[in-house]
Amino acid sequence: MKRNILIHPDPRLKKICSPVVDLTDELRQLADDMLETMYDAPGIGLAAPQIGMLDRLIVMDCVKEEGEAPRPLIMFNPEVVASSDETNVYEEGCLSIPEQFAEVTRPKVVDVAWIDRDGNAQRETFDGLWATCVQHEIDHLNGKLFIDYLKPMKRQMITRKMQKLKREQARE
Ligand code: K1U
Ligand code: ZN
């Protein structure tokens, strides 16, 4: 089932999410719903707080080439366990901040540990867009948005645009 994506500013997007301790069928269903919501948006990642659920759960699929097999990833309790000194700049977007993009600098390569849909511990090295995306999604679990990396003036400008968008949507 497709879920609604929250738009910034929303207090739920600023919360620190709780670790998943018991991997229930309900949480597996939530993960599946998040993938459906992400592909439908369309996006390359989604974090549980973006649909109002405050669990440490993210989904991603950064395969962009047409014809290439999709690679949906479901990560419970994802953690960056190592990151490179080398950085990468990427023009990021966010499904909770539609149509706004800005350059963010992050470590280029990260090692991430997580629990998969079957409850198995996983660890993998991510580079390029995958590394950018997984860091962006883990930030969501800590109540951090990509605009928090920007200068206050630019952040405020984007926030005002989003407030206006939400007012317009409420009138529809
Ligand atoms: O977390 C989110 O809001 C999803 C976000 C992930 C992200 C994008 C760019 C850099 C870092 C993280 C998005 O998916 S925004 C949409 C997007 O980037 C995209 C949509 C369709 C095709 C390709 C990219
Ligand atoms: Zn986002």
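**Walking through the model**

Mentor: Let's start with Glu99. Glu99 counts as exposed, at 71% relative accessibility.

Trainee: Where does Glu99 sit?

Mentor: In the loop between E4 and E5. Keep in mind that this is a predicted model.

Trainee: What about the phi of Glu99, positive or negative?

Mentor: Positive, about 65°, although Glu99 is not a glycine. Asn77 is another non-glycine residue with a positive phi, near 50°. Asn77 lies in strand E3, residues 73-83.

Trainee: Switching to the metal. What coordinates the zinc ion, ligand 2?

Mentor: Cys94 through SG, and His136 and His140 through NE2. The distances run from 2.1 to 2.3 Å.

Trainee: How are those donor residues spaced in sequence?

Mentor: As C-x41-H-x3-H. Cys94 is in the loop between strand E4 (87-92) and strand E5 (102-107), while His136 is in helix H2 (residues 128-141), so this pair ties together parts that are 42 residues apart in sequence.

Trainee: Cys94 and His136, buried or exposed?

Mentor: Cys94 is buried, and so is His136.

Trainee: And ligand 1? Where does it sit?

Mentor: In the largest pocket.

Trainee: How many residues surround ligand 1?

Mentor: 16 residues. The closest are Ile44, Gly45, Gln50, Leu95 and Glu137.

Trainee: Which element gives the largest share of that shell?

Mentor: H2, with 5 residues. E4 and H2 each supply at least two residues of the shell.

Trainee: Which polar atoms lie by the oxygen atoms of ligand 1?

Mentor: A polar backbone atom of Leu95 is 2.7 Å from an oxygen atom of ligand 1. A polar side-chain atom of His136 lies 3.2 Å from a ligand 1 oxygen. For His140, a polar side-chain atom is 3.4 Å from an oxygen atom of ligand 1. Both histidines also coordinate the zinc ion (ligand 2).

Trainee: How much of ligand 1 does the protein bury?

Mentor: 81% of the 540 Å² that ligand 1 exposes when taken alone.

Trainee: New topic, Arg106. Buried or exposed?

Mentor: Buried, with a relative accessible area of 4%. Arg106 is found in strand E5.

Trainee: What does the Arg106 side chain contact?

Mentor: The Glu92 side chain, through a polar contact of 2.7 Å. There is also a polar contact of 3.4 Å between the side chains of Arg106 and Tyr149.

Trainee: How about Thr37, buried or exposed?

Mentor: Thr37 counts as buried, at 3% relative accessibility. Look for Thr37 in helix H1.

Trainee: What does its side chain reach?

Mentor: The side chain of Thr37 reaches the backbone nitrogen of Arg3, at 3.0 Å.

Trainee: Now Leu6. Where is that residue?

Mentor: In the segment before H1. Leu6 is buried, with a relative accessible area of 13%.

Trainee: Last topic, prolines. Is the peptide bond from His8 to Pro9 cis or trans?

Mentor: Cis, with omega near 0°. Pro9 lies in the segment before helix H1 (25-40).

Trainee: And from Ala41 to Pro42, cis or trans?

Mentor: That peptide bond is cis too, with omega near -5°. Pro42 has its place in the loop between H1 and strand E1 (45-47).

Note on methods. Residues are numbered from 1 along each chain as its sequence is written. Chains are lettered from A and ligands numbered from 1 in the order in which they are written. This is a predicted model: local features need pLDDT of at least 70, side-chain atom pairs count only at pLDDT 80 or more; totals for chains, interfaces and linings use all residues. Side-chain values use heavy atoms; hydrogens and water are left out. Donors are N, O and S atoms within 2.8 Å of the metal (3.2 Å for Na, K and Ca); water is not among the atoms, so sites may look incomplete. Helices (H or I, at least four residues) and strands (E, at least two) are DSSP runs, numbered from the N terminus. Buried means under 20% relative accessible area, exposed over 50%, partly exposed in between (1.4 Å probe, protein chains only). A residue is near a molecule or strand if one of its heavy atoms lies within 4 Å of it. A polar contact is a pair of N or O atoms within 3.5 Å; within protein, one must be able to donate a hydrogen and the other to accept it, and residues adjacent in sequence count only if both atoms are side-chain atoms. Accessible areas come from the Shrake-Rupley method with a 1.4 Å probe; for residues, only the protein chains shown count as cover. On a 1 Å grid over the protein atoms alone, a cavity is a set of points where a 1.4 Å probe fits but cannot get out, and a pocket is an open set with protein on both sides within 12 Å along at least five of seven lines; lining residues have an atom within 4 Å of a point. A molecule sits in a cavity or pocket if more than half of its atoms lie within 2 Å of its grid points.
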